[in-house]
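I opened this model to take notes on its two chains. The entries follow the order in which I looked things up.

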Amino acid sequence: MRRALISLAEVVFPFVVVGILWQAFHLLGPFPPKLFPGVETIVSTFVRLVGNGILPVHALTTILRLIVGFLLGAVLGVVAGIVMGRYRWAEDLLVPVVSVGNPIPGLAYAPLFVIWFGLGNLPAVLLVGFAAAFPVVVNTWTGVKAVKAIWIRAAESMGAPEHQLFRKVVLPGALPYVLTGLRLGLARAWRVLVAVEMLTSVSVGLGWLIFGAREFLNTDVMLAGIAVIGCVGLALEKLVFQKLEEFTVVRWGMMAR
Amino acid sequence: MHHLELRSITFEYATADGPLTALRELSFAVEPSEFLCVVGQSGCGKTTLLNVVAGFLKPTRGAVLLGGKPVTGKGFDRGIVFQDFAQLFPWRTAQRNVEFGLEMKGVPRAEREEVALRFLRLVKLEKFARSYPHELSGGMQQRVAIARALAYNPAVLLMDEPFAALDALTREEMQRLLVDVWRETKKTVIYVTHNVAEAVYLADRIVVLTPHPGTVKAQVRIAMPRPRDTLSVEFLECQREVVGHLGGR
Amino acid sequence: MRHPGVVRPILGTVCSFGLAALVWESFARSGLFAPALTPSVVAIGAALGRMLLDGTLLRHVLYTLYRILAGLALAAAVGLPIGMLMGRFRHVERFFIPLVSVLSPIPSLAWVPVFILWFGLGNTAAIALVFYAATFPIILNAWTGVRSVSRLWIRAAEAMGADERVLFQKVVLPGSMPFVITGLRQAFARSWIAVVGGEMIAATSWGLGWVIFDSKEFLNADVMMASLVVIGILGLAFERLIFQAIERRTVGLWGMVKAVAG
């Protein structure tokens, strides 16, 4: 109990420090209060937006788009990465495309997707999937190439046919890399999605909420929206990826915690 | 008919300066339930030889016959234990590692578990069935690897210096255990090592290889009863004989 | 085929781009979309040439690069000390971890409206944005890097009489280099995203992101595609010419990582 309290205090303390600094800047800094609202304004705005259901609706829409798009990109990326890692022709063919496409920010494709697919959910989801696929492909490919030759030999000596080899040796062997790729892909999906929601005039979503607040200089609404984005991102990392890791690669001793 | 026979195996590696002969005209046979050790200095082609028998490498000339039939490629009929501890699949528990070969054969789950546990018991690891490889010591991991290579009942067990990376005390313990396992299962074993004392302790017969290219220098039969006393005059005589073949021309 | 090791990847690259161009071309001519939306490879090349000749391309590239490099330099100046101190001192680590783990998943673009309100449209907002995007990868990697420095090296240096300053400079800093380089690399990639996005939203009439967004308004798909190509080439050039060169001369030379060939 005492321990839990201490560790809670340790987590809260930095935020208190930042809050105090923020408040000091709010009171003494060069910005007018409308542009640099105090902590109390931000918190009360947050509570109000949650209470009247506005924030939850925007957040849920954004999360739904994120998940659908990300799953699309993840499946595509893992499959492409495995094929690249196992077959020389696929590697020769895809590596250059991926290595040029990967550094291009996903957002740069946004106008193209809008031109092609119009506005709304479809281009947003497709773009999120497209952007998320790159890090997944690159990491899966690297992971498959890093699967120890001795595992493959051992499995082959026990008579494993190609499809079993994929499922039972190559995929779990590459999993530490695949997980890293998925994590990077998700972060990228987040970034692209928020930007797309800002730019392509969808009518709901956290990005839209933040961007729309600009019209009326509602800095408090923007900051409340940003806080939600931070919390959702943190929750996905802690509740999904860290758990996934604990149950697989950490449990298997392939990755230190 | 021999159980396993190597007929004038020649193996050449392709290098930048043309082919390099690793094995030349190598022939010997192994009888059922025989424990055969192949001894030679590092780089004499021992591992190449084992990889040829395993089917990972295709001999440039010659053939490997198992039960009179030539073997091509990999198959269920040969089990392998490597030197590297990392050969176990880290994402599977000890028991699931041992089950792998049976899974590939399509053996139903209940039977798989039973067989796996039986072989883990044989290597005295039944208590660690649910442990993951990284939770086991090096010696224990090698025991799991032995159980795994035996569990799907291959006709021959191939071992590539499986204890070379272990400390001396563990190695001795493992050698005793291996002899027990071999007597229990009556498996045909080809065991590759550079350690002469180990070979004399384990083998029914020792094939001595000389390097560059690898050829059979001599074959020494070890008739001593088991368990063998490593300090007996007889043991040391055998050891001297094998070392003589290795060193001399 | 005297150099099969060189010819093969080049051949692969040529084939790959050739194929990509071919797919694009057939897509463009398929009539699936209006030709104005999917310009042919020739049209994209022409747009690229036009922009190159009238000097606008150079100006856009310079603006964008200036914003990236300024933001990146700031981020390194702030992120490297924080990350290294986190790796070296427990209480610094405890203080910063909660902040970093809440702030780093926030896409930098979410801050664009806020930054525009604070700094107005223009270079300051864009640089602030790049700074935000680049700081976290630098912090996280420097932190991991310092923690990954082998205890043996530190003990050995201490046994030879190194004080904290020497230890930091001669052991911790080079020892964490592989991670620091990775961090800078990731930061650079994220800077691109931030700056392109920032330029799209905080339109300033110069910069590659602005070109792309602007050409959408007028349906100039050829200009848009040409700018995308330029972004890709610049990214590849930085990776090849700067990061891989640094890597080869430091951690690659020291055998700490396998340097990428070529």
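Below are my entries, chain by chain and then by backbone and cysteine detail.

**Ground rules.** I am working on a predicted model, where local features need pLDDT of at least 70, side-chain atom pairs count only at pLDDT 80 or more, and totals for chains, interfaces and linings use all residues. Residues are numbered from 1 along each chain as its sequence is written, chains are lettered from A and ligands numbered from 1 in the order in which they are written, and side-chain values use heavy atoms, with hydrogens and water left out.

**Chain A, overall.** I began with secondary structure, taken as DSSP runs numbered from the N terminus: helices are H or I with at least four residues, strands are E with at least two. Chain A has ten helices and zero strands. Read from the N terminus, its elements run α-α-α-α-α-α-α-α-α-α. I then boxed the C-alpha atoms along the principal axes and got roughly 70 × 55 × 30 Å.

Next came burial (buried is under 20% relative accessible area, exposed over 50%, partly exposed in between, with a 1.4 Å probe and protein chains only). In chain A, 51% of the 257 residues count as buried. The chain exposes about 11,700 Å², and carbon and sulfur atoms supply 74% of that. These areas come from the Shrake-Rupley method with a 1.4 Å probe; for residues, only the protein chains shown count as cover.

I counted charges with Lys and Arg as positive and Asp and Glu as negative, leaving out His and the chain ends. Each charge is placed at NZ of Lys, CZ of Arg, CG of Asp or CD of Glu. Chain A carries 20 positive and 12 negative side chains, with the centres of the two sets 5 Å apart.

For contacts I used heavy atoms within 4.5 Å. Among chain A contacts between residues at least 6 apart in sequence, 71% join residues at least 24 apart.

**Chain A, helix α5.** How many of the eight residues of this helix are buried? Seven are, so α5(A), residues 110-117, is largely enclosed by the rest of the structure. The buried ones are Ala110(A), Pro111(A), Leu112(A), Phe113(A), Val114(A), Ile115(A) and Trp116(A). Just after the helix, Gly118(A) takes a positive phi of about 75°.

**Chain A, Leu49.** I found Leu49(A) in helix α2, residues 39-51. Leu49(A) counts as buried, at 6% relative accessibility. Which residues does Leu49(A) touch, not counting those up to four places away in sequence? They are Ile54(A), Leu55(A), Pro56(A), Val221(A) and Ala224(A). Ala224(A) is 175 residues from Leu49(A) in sequence, yet their C-alpha atoms are 8.6 Å apart.

**Chain B, overall.** Chain B has seven helices and ten strands. Its radius of gyration, taken over C-alpha atoms, is 18 Å, close to the 18 Å of the globule rule (2.2 Å times the number of residues to the power 0.38) for 249 residues, so chain B is as compact as a globular protein of that length. The C-alpha trace spans about 55 × 45 × 40 Å along its principal axes. Buried residues make up 57% of the 249. I counted 32 positive and 28 negative side chains, their centres 4 Å apart.

**Backbone checks.** Most residues other than glycine have a negative phi, and most peptide bonds are trans. I noted these exceptions.

- Leu217(A) has a positive phi of about 55°; it sits in the loop between α9 (206-212) and α10 (219-250) and is partly exposed at 35%.
- Ser33(B) has phi near 60°; its loop lies between β2 (18-30) and β3 (35-39), and it is partly exposed at 28%.
- His212(B) and Pro213(B) are joined by a cis peptide bond, omega about -10°; Pro213(B) is in the loop between β9 (205-210) and β10 (215-221).
- Arg226(B) to Pro227(B) is also cis, omega near -5°; Pro227(B) is in the loop between β10 and α7 (233-247).

**Cysteines.** I searched for disulfides (cysteine sulfur atoms within 2.5 Å). For Cys37(B), the nearest cysteine sulfur is that of Cys238(B), 12 Å away. Cys37(B) is buried at 0% relative accessibility. For Cys44(B), the nearest is that of Cys37(B), 13 Å away. Cys44(B) is buried too, at 2%.
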